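Reader: I have a model open and want to learn how to read it. Where do I start?

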Amino acid sequence: MNDKSRLEALSAFLKSRRAKIQACSVGLLTGTRRRTPGLRREEVAQLAGVSTTWYTWLEQGRDIKVSSSVLDSIAKALQLNIDERKYLYDLAFESNTKVYEPEVMQSKIPSSLERILAELKYCPTFITDRHFQIVGWNPLAALVFLDFELILPEQRNMIRLVFSRKELRSLAVNWRHFVKGFLAIFRAYYGQYVNDEWYNQFLQEMSDLYPDFLSLWQESQVSMAPEVIIEFRHAKAGRMLFNMTSLQVQGDMDLRFNIYTPVEDSLTEVKLKQLIDKHIK
């Protein structure tokens, strides 16, 4: 991500977070008419103890000097959680100087991870890298989501697939909720790898192809490990409920398990076993 893109991302994030905070929630009067939702710039500056001019420059994406203490104050004023704070710091300080090199990424996951995938018999699970390329999956994931083996390796990007494949658009009862979990993780990576130009190219491509991608991306949610309940309407198995858990794998490959655990007392595991039996027959 070049400086211009990094500062634009910082600007968009600050604006989106400011718009989500109600004045009454931070003890400010709300009697005057507000043209836009959320706090005004001068109110964020007041809460953070900085000048309105300085905060305005920061939110406009100007290349100005910032300190950790001031960013702490901004984060507190905007009520950022831990992942959002890290995202703010990554963009403001350009703290990660690593550049992604596709040729050094391993196309085959370690046997230890393959073993874990195999053991998760009744939990549809796939593994993604920092670009959300799918690099591994268990048989049940192929039955519930897509047969990833039939998709060209370079096209196995889960962000792209949830927008481009009608099977995935119709699978989740609340498709937007389904997608937001992926985008929250994706944004966290986007801030972490600020020198990886791939992200800008991918975001531009997705925005051009899918208008609903842009609207969801602009919500600026950030989370390295969202835990959400997802309801699926599977063409063969019917209604199923899952807890989606995302776990980062320790190591240089920067991989992530995306695990869908059947919700207890929902008959989901029974339906999964039936789905497997039908496939075997």
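**Reading the sheet and the core**

Author: Start with a strand pair. Strand 4 (residues 238-248) and strand 5 (residues 256-262) run antiparallel, joined by seven bridges. Helices (H or I, at least four residues) and strands (E, at least two) are DSSP runs, numbered from the N terminus. This is a predicted model: local features need pLDDT of at least 70, side-chain atom pairs count only at pLDDT 80 or more, and totals for chains, interfaces and linings use all residues. Residues are numbered from 1 along each chain as its sequence is written, and side-chain values use heavy atoms, leaving out hydrogens and water.

Reader: Which residue in strand 5 is the bridge partner of T245?

Author: I259.

Reader: In what order do the five strands of the open sheet lie?

Author: Two strands pair if DSSP finds at least two bridges between them. Here the order is 2-1-5-4-3, with antiparallel pairing. Strand 2 (134-137) and strand 3 (227-234) are the edges, each pairing on one side only.

Reader: Is A188 buried or exposed?

Author: Buried means under 20% relative accessible area, exposed over 50%, partly exposed in between (1.4 Å probe, protein chains only). A188 has 9%, so A188 is buried. A188 belongs to helix 10 (residues 175-192). Contact means heavy atoms within 4.5 Å. Beyond its neighbours within four places in sequence, A188 contacts V222, S223 and M224.

Reader: Which residues touch the most other members of the largest nonpolar core?

Author: A nonpolar core is a set of buried Ala, Val, Leu, Ile, Met, Phe, Trp, Tyr and Cys residues joined through side-chain atoms within 4.5 Å. Among its 79 residues, they are Y55, F145, I159, F163, F178 and F232. Helix 10 gives the largest share of this core, 10 residues.
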